[in-house]
Amino acid sequence: MYRTLYFRYVSQGKYTDVLELLYDGSLTMLEHEQYSSGADLGLLIIQTLEKAGSSIESPEQWIKRLAELIGKIKPSVVDRETLLDKAMKWSGSLVSSPVGHPLMHKLFAQILYREGDLALARRHFALAKDGVSCGFLLIEISRSKGFPGEVDLFVAHIVLQQLALKEPATAASTFTTYCKFHTSIACTEPPFALPLLNFLHFLLQLVEQNNRVYTTFRALCDLYKPSLDRDPSYEKYLQKIGAKFFDGSRYEQRNIMFSDLLQQFFIDLEEDELEEGASMHGEVD
């Protein structure tokens, strides 16, 4: 019945009517645990939204409705992943994003959080442009799953990922929230006890500068290399950050002394505290 009405309404251009019909039908089926049928109607909703294009009013309302439908399907049901993939792709078309609309990521992250899947929720919060929620989730993951010596690693991975996606405001919000409310840190300004947090703080300052210089960025990475080497995955993010913020992809290596790079770094950041760190061996505080 639903498919018959779907084809009839779509052929007549009655997109609003068919969307409401499909949504009500999907909701009813999912509430009665008819997951495959409910998900199938959800896919028809997405097809209708794609056909309707810009004629749909309040597309964010449909992001919320699709997330609601997805949340009613058990995680073990295969149809949920199919519906999620299609919904993410459609939502991304609204903002020309290949990874999906931030709101869709945020709503699905909240679903995963309620289900107790913190690891997967972290991935979606990282793409939700909601640094505060991301920061608090990282604190919870750090407390429940991490070791005391890994406090800095949890936030570093996400902040670097967000910067690699060219979301400096979200990255800064994530970092500030995490450092402020994590009881093992409880501050937002350097010097931090953990060197990696100092690196993130200075990196966030660098990307906000108008006259960004690649050599300064590279000097900062070299200065904190012992800390960055703790996780090999950081390098791929740093390469992307260097290319997107500092034009690193076009940088030609010059014969510059490391001491000259450090001097430029100090000038750019105007941080006198780093002069002491530059003279120390091993990790820089």
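Predicted model: local features only at pLDDT ≥ 70, side-chain atom pairs only at ≥ 80, totals over all residues.
**Exercise 1.** Determine how the rings of Phe 136 and Phe 181 are arranged, and where in the chain the two residues lie.

*Solution.* The structure holds six aromatic pairs. In the pair formed by Phe 136 and Phe 181, the ring centres are 5.0 Å apart and the planes make an angle of 40°. An angle under 30 degrees would count as stacked and one over 60 as edge-to-face, so the pair is tilted. Phe 136 belongs to helix 8 (residues 131-145) and Phe 181 to helix 10 (residues 168-181).

**Exercise 2.** Classify the pair of Phe 175 and Phe 192, and state whether the two residues are buried or exposed.

*Solution.* The ring centres of Phe 175 and Phe 192 lie 5.8 Å apart, and their planes stand at 80°. Because this angle is over 60 degrees, the pair is edge-to-face. Phe 175 is in helix 10, whereas Phe 192 is in the loop between helix 10 and helix 11 (195-207), so the pair ties together parts 17 residues apart in sequence. Both Phe 175 and Phe 192 are buried.

**Exercise 3.** Identify the rings over which the charged ends of Arg 65 and Lys 166 sit.

*Solution.* For Arg 65, the ring is that of Trp 62, with the charged end 4.7 Å from the ring centre. For Lys 166, the ring is that of Phe 245, and the distance to the ring centre is 5.9 Å.

**Exercise 4.** Decide whether Cys 187 is in a disulfide or in none.

*Solution.* The cysteine sulfur nearest to that of Cys 187 belongs to Cys 179 and is 6.7 Å away. A disulfide requires sulfur atoms within 2.5 Å, so Cys 187 is in none. The structure as a whole holds zero disulfides. As to accessibility, Cys 187 is partly exposed at 28%, while Cys 134 is buried at 0%.

**Exercise 5.** Describe the volume and lining of the largest pocket.

*Solution.* The space in the largest pocket amounts to about 230 Å³. Its lining consists of 14 residues. Those nearest the centre are Ser 97, Val 99, Leu 127, Lys 129 and Glu 167. By class, the lining divides into seven nonpolar, five polar and two charged residues.

Conventions
Residues numbered from 1 in each chain as written. Heavy atoms only, no water. Phe/Tyr/Trp six-rings, centres within 6.5 Å; stacked < 30°, edge-to-face > 60°. Helix = DSSP H or I, 4+ residues; strand = E, 2+ residues; numbered from the N terminus. Buried < 20%, exposed > 50% of the residue type's maximum accessible area, 1.4 Å probe, protein only. Lys NZ or Arg CZ within 6 Å of the ring centre and 35° of its normal. 1 Å grid on protein atoms, 1.4 Å probe; cavity = no way out; pocket = protein on both sides within 12 Å on 5 of 7 lines; lining within 4 Å. Points joined across faces, edges and corners; volume = space filled by probe spheres on them. Nonpolar A, V, L, I, M, F, W, Y, C, P; charged D, E, K, R; others polar.
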